[in-house]
Amino acid sequence: ALRVLPKSEHAGKDFGIWHVCMVLPQIVGPVTTGWLIAVTERAVSPRFAYGLAFGLAAFWFVLAAILIARVSLPA
């Protein structure tokens, strides 16, 4: 992880931002997905609601894979 940081004198700040970026989705994700399932389940059907939730999770997974592929380690 240290090899991809821009400057070593800001490593603490960068690691703090990195940690928030890892933890915040774990807090916000279940809340918003639960709300999405509850609303969609009442509006359409439980099968559609869970299909939408899993489809959305797959979308985020693919997007993360594409974005992380752009990170290159310095030589």
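**Figure 1. Leu5 in the segment before helix H1.** In this predicted model, Leu5 lies in the segment that precedes H1. Leaving aside residues up to four places away in sequence, Leu5 is in contact with Ala11, Asp14 and Phe15. From C-alpha to C-alpha, Leu5 and Phe15 are 8.8 Å apart in space, while 10 residues separate the two in sequence.

**Figure 2. The protein chain as a whole.** Two helices and zero strands make up the secondary structure of the protein chain. Helix H1 covers residues 11-43, and helix H2 covers residues 46-69. The protein chain has 75 residues, and 11% of them are buried. Its accessible surface amounts to about 6,300 Å². Carbon and sulfur atoms account for 73% of that surface.

**Figure 3. The crossing of H1 and H2.** The axes of the two helices come within 8 Å of each other and cross at roughly 150°. H1 is therefore roughly antiparallel to H2, because an angle over 145 degrees is counted that way. The crossing in which H1 passes H2 is right-handed.

**Figure 4. The contact between H1 and H2.** On the H1 side, the residues in the contact are Thr33, Leu36, Ile37, Thr40 and Glu41. The H2 side supplies Pro46, Phe48, Ala49, Tyr50, Leu52, Ala53 and Leu56. By residue class, the contact of H1 with H2 consists of nine nonpolar, two polar and one charged.

**Figure 5. Thr40 in helix H1.** Thr40 is part of helix H1 and belongs to the H1 residues that meet H2. Its relative accessibility is 9%, so Thr40 counts as buried; the cut-off for buried is under 20%. With residues up to four places away in sequence set aside, the neighbours that Thr40 touches are Ser45, Phe48, Ala49 and Leu52.

Terms used
Residues numbered from 1 in each chain as written. Predicted model: local features only at pLDDT ≥ 70, side-chain atom pairs only at ≥ 80, totals over all residues. Heavy atoms only, no water. Helix = DSSP H or I, 4+ residues; strand = E, 2+ residues; numbered from the N terminus. Buried < 20%, exposed > 50% of the residue type's maximum accessible area, 1.4 Å probe, protein only. Contact = heavy atoms within 4.5 Å. Axes fitted to C-alpha atoms, helices over the stretch in contact; angles between N-to-C directions. Parallel < 35°, antiparallel > 145°, perpendicular 65-115°, else oblique. Left-handed = near helix turned anticlockwise from the far one by under 90°. Nonpolar A, V, L, I, M, F, W, Y, C, P; charged D, E, K, R; others polar. Areas by Shrake-Rupley, 256 points an atom, 1.4 Å probe, with all protein chains shown as cover.
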